[in-house]
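Colleague: I am new to this structure. Please walk me through how to read its features.
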Protein chains: 2
Amino acid sequence: MANINPIRRAEIGREKRARTRAQLIEAGHALFAKQAVESVTVDDLIKEAGVAKGTFYVHFDGLEALIAAVAEDLVQSFDELLQSGRTSITEPALRIAFGCSSFIDKAREDPRWAAVAARIAATSPKGAESVRRRLFEDLQQFSQGLPDDGSAELRLEIVVGIMLQILRALSEGRLSSLDRNQVIAAILRAIGIDARHAESVIARLSAVSPVL
Amino acid sequence: MANINPIRRAEIGREKRARTRAQLIEAGHALFAKQAVESVTVDDLIKEAGVAKGTFYVHFDGLEALIAAVAEDLVQSFDELLQSGRTSITEPALRIAFGCSSFIDKAREDPRWAAVAARIAATSPKGAESVRRRLFEDLQQFSQGLPDDGSAELRLEIVVGIMLQILRALSEGRLSSLDRNQVIAAILRAIGIDARHAESVIARLSAVSPVL
DNA sequence: AGTCATATTGACTTTATGGTCGAAATGACT
DNA sequence: AGTCATTTCGACCATAAAGTCAATATGACT
């Protein structure tokens with residue numbers, strides 16, 4: 001009789017589970033990239049993932065749970081994207097510029113990612129909350145620096161609004177010849193940085209994150 | 001035997017139809033204000049409208065047709081909103097400022113309208129297209145006026161992005177103490193108008209459209 | 001080759017949704 | 001009160017989607 005090490009058994013199981021779960025999440029990305037999140041069904045998902053229906057319910061309680069998992073996956077990709085600048089840049093305006101330019105670069109090289117990010121952001125405000133919060137903190141710090149009126153709350157909506165729209169445009173094939181720095185400049189001016197200062201931030205940005 | 005005037009008959013019928021149709025569209029507004037367009041069902045609609053299922057199909061071929069009708073209804077409300085400024089204002093920047101401020105005023109006094117407008121804009125690009133086009137024409141004209149680089153296409157996405165996000169924020173109860181002119185100023189700066197000139201546009205805007 | 005903990009499967013049940021149609025209601029008119 | 005063009009009604013059917021679970025497959029190990 002074969003009495004196998006139960007710890008090893010569990011490990012093998014975990015790996016298999018993880019692979020299948022990843023397939024399901026990947027299928028979510030693929031589908032959310034081409035249709036509204038609310039219109040995706042469990043059957044769509046399992047067909048796309050090449051998996052049986054029961055398997056879906058082993059991994060997720062329902063569609064909401066899968067959407068949340070895709071959102072989490074996305075947030076993780078944001079973190080990886082922003083990690084390099086997060087620690088090294090201290091000036092708020094440059095931090096914001098760096099974050100936005102990272103998003104734009106990523107969106108240009110991976111329009112599917114842009115589509116999913118825009119859709120998920122519109123769907124589950126909970127998932128997008130962590131990204132919003134970090135941006136908001138930068139904006140609060142930035143707002144202290146100038147005597148200008150205008151709340152960090154409003155600036156937050158403005159930056160988020162522009163970025164989401166750019167993501168949507170890129171994912172839908174518009175703005176194919178987009179100049180990244182023009183977007184950054186517009187954002188910086190919108191939140192109250194004068195045109196001259198905006199250019200200087202962009203110049204420094206190019207050193208941290210060269211234009212593609 | 002009563003042989004009634006058939007023309008009069010038709011007229012009565014038309015009025016009744018129109019009322020029921022309006023109920024259905026109103027139900028659409030109510031539902032789209034609180035949930036994703038794609039998640040609304042025919043049963044939701046008829047329950048909200050207080051009407052039988054068959055009646056729905058007498059008036060609309062299906063959900064898509066109703067969504068289109070709601071979108072059209074919305075575009076009509078845009079037209080009414082913008083009509084006064086449309087003819088009298090010729091300066092592009094001021095026209096844009098006027099349009100945006102009209103939207104913001106409307107959204108503040110009717111958050112439900114804001115929610116529906118934002119959702120429909122995201123759903124049916126066809127419906128939003130007429131509004132986009134007019135804004136784009138103003139932006140093209142505006143772009144000619146200055147030696148600045150940057151395309152009208154990009155400016156369009158920026159203005160639309162900010163406006164949609166403001167609509168969303170207002171409809172979700174954020175930015176309750178919003179200063180309309182701060183948003184307009186941010187938009188004008190974002191599209192390349194320097195801060196001083198933006199203030200002058202806003203000053204003139206106040207004459208055309210007084211702050212609430 | 002045989003074992004067994006674990007994961008996967010897909011047929012099945014239930015519920016939700018889209019869509020149809022003959023019957024009933026409406027209401028202005030005589 | 002009776003007529004009739006027109007609209008509305010809601011029970012009904014067919015299909016789609018959600019959700020369940022006993023049976024089957026997997027694969028590392030002896």
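Colleague: Which side chains meet in a salt bridge with R112(A)?

Modeller: A salt bridge is a side-chain nitrogen of Lys or Arg within 4 Å of a carboxyl oxygen of Asp or Glu. Here R112(A) pairs with E26(A), at 3.0 Å from N to O. This is a predicted model: local features need pLDDT of at least 70, side-chain atom pairs need 80 or more, and totals for chains, interfaces and linings use all residues. Residues are numbered from 1 along each chain as written, chains are lettered from A and ligands numbered from 1 in written order, and side-chain values use heavy atoms, without hydrogens and water.

Colleague: How is chain A divided?

Modeller: Domain bounds come from an automatic or database domain assignment. In chain A, domain 1 covers 1–60 and domain 2 covers 71–208. Their centres, taken over C-alpha atoms, lie 32 Å apart.

Colleague: How many salt bridges are there between domain 1 and domain 2 of chain A?

Modeller: The count is 1. On the side of domain 1 of chain A that touches domain 2 of chain A, there are 6 nonpolar, 2 polar and 3 charged residues. Nonpolar covers Ala, Val, Leu, Ile, Met, Phe, Trp, Tyr, Cys and Pro; charged covers Asp, Glu, Lys and Arg; the others, Gly among them, are polar.

Colleague: What area do these two domains of chain A bury between them?

Modeller: Buried area is the accessible area (1.4 Å probe) that two parts lose on being put together, summed over both. For domain 1 and domain 2 of chain A it is about 790 Å², with 59% on carbon and sulfur atoms. Contact means heavy atoms within 4.5 Å. By that rule, 11 residues of domain 1 of chain A touch 8 residues of domain 2 of chain A.

Colleague: How many residues of chain B are in contact with chain A?

Modeller: 29 residues of chain B contact 29 residues of chain A. The two chains bury about 2,100 Å² between them, 63% of it on carbon and sulfur atoms. Across their interface there are 2 salt bridges. R174(A) and E157(B) also meet in a salt bridge, at 2.6 Å from N to O.

Colleague: How many disulfides does the structure hold?

Modeller: A disulfide is a pair of cysteine sulfur atoms within 2.5 Å. Over all chains, the structure holds 0.
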